[in-house]
Amino acid sequence: MPETLQEQLVKHLADVHSIEEQALLQMRIAPRMAGDPELAGAFREHITETEDHERLVRGRLEAQAAEPSKVKDVVARAGGVGMVLFARSQPDTPGKLVAHAYSYEHMELAAYELLGIVARRADDAQTAEVAGSIREQEAAMAGRLAAGFDRAVDASLRDVTTGDVSKQLGRYLSDAHAIESQALQLLQQGQAIAGEPDLRKVFEEHLEETRSQRAAVEARLAARDERPSRVKDVVLRIGGFNLGGFFGAQPDTPAKLAGFAFAFEHLEVAAYEQLMRVARRTGDDETARLAERILGEERAAAAALRAQFEPAMEAALAQQGVTPSG
Ligand SMILES: [Fe+2]
Ligand SMILES: [Fe+2]
Ligand SMILES: [Fe+2]
């Protein structure tokens, strides 16, 4: 059914509102799990910002809606989804927490960039401005988390004795393998629903790259004599981390898909940042070099996806038969 740009705008506002509600739940719990005072401080600082974001987005939703009661429905439904997802995705170490949060901030960044595109198309300058300023704060938070990768590794390995750090490296490699397996699934699905040739090409190319990344990680696991059963366990553990819920629903449009994949690439970035550090500590130069190489590939894939946000949004609007607002 054809939709107006204004209806699209309300949907995107509802999506980012849901994302902020989920972020708030996470920010309130994160400081206790951080395992490091500076990391805890970074999370605490972002609570106030996240509260501001929620309020600003709610304000724009109310400004858009003819009936405020309908806004309440949208908001309540979104909150429920967030709770379930958070329960499913609880990280178990400071390192996992930081990786998850780093990816989440990039998901928010993507969502606000997409919101800004729709708002400008709908000539809603106020929403476009709100989206731009919140996006900058999400980017800054992601930067603070990136500056904390060393601390996250320290906190995760604090109670591990020297010999055991090598055993831990096996776990980090297994995690990387599990993430690549999930990446393969995501990229295959992405190809199918990309709906736009340039975006599909980004997925195709990174799919090839991901196959060789997974093979390279597998080779390192084999070289270290890690048992496959252990790899499988980790795959299952990370499989519970439901990225599909990040946008409040499955990414059903090319634009959301691009934003979602962008966030996933940053989960990989965070995983390899940590793998690289742990490998260096154990003197496994080969694994450290591999992590560094893949890190560059994940960053490049993320940048290629971000470059598709605008065309993907155009395709998404066209696909849904959006007509100029009225
Ligand atoms: Fe945030
Ligand atoms: Fe990858
Ligand atoms: Fe990737």
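The questions below concern the metal sites of this predicted model.

Student: Which residues coordinate the iron ion (ligand 3)?

Tutor: The coordinating atoms lie at 2.0 to 2.2 Å from the iron ion (ligand 3). In sequence the donor residues are spaced H-x58-E-x2-E-x29-E. They are H206 (NE2), E265 (OE), E268 (OE) and E298 (OE).

Student: Which residue coordinates both the iron ion (ligand 3) and the iron ion (ligand 2)?

Tutor: The two ions are 3.2 Å apart. The residue that coordinates both is E268.

Student: How many residues apart in sequence are the parts that H206 and E265 tie together?

Tutor: H206 lies in helix α8 (residues 197-223), while E265 lies in helix α10 (residues 254-282). H206 is buried, with a relative accessible area of 4%, and E265 is buried at 1%. Because the two sit in these separate helices, the pair ties together parts whose separation in sequence is 59 residues.

Student: Is the site of the iron ion (ligand 1) tetrahedral or irregular?

Tutor: The protein donors here are H46 (NE2), E105 (OE), E108 (OE) and E138 (OE), 2.1 to 2.3 Å from the ion. Angles among the 4 donor atoms run from 77 to 163°. A tetrahedral site needs all angles between 85 and 135 degrees, so the site of the iron ion (ligand 1) is irregular.

Student: Which helices do H46 and E108 link?

Tutor: H46 and E108 are both buried. They are 62 residues apart and link distant parts of the chain. The helices are α2 (residues 37-64) for H46 and α4 (residues 94-121) for E108.

Key:
Residues numbered from 1 in each chain as written. Chains lettered and ligands numbered in written order. Predicted model: local features only at pLDDT ≥ 70, side-chain atom pairs only at ≥ 80, totals over all residues. Heavy atoms only, no water. Donors = N, O, S within 2.8 Å, 3.2 Å for Na, K, Ca; no water. Helix = DSSP H or I, 4+ residues; strand = E, 2+ residues; numbered from the N terminus. Buried < 20%, exposed > 50% of the residue type's maximum accessible area, 1.4 Å probe, protein only. Tetrahedral: all angles 85-135°; square planar, octahedral: opposite > 155°, others 65-115°.
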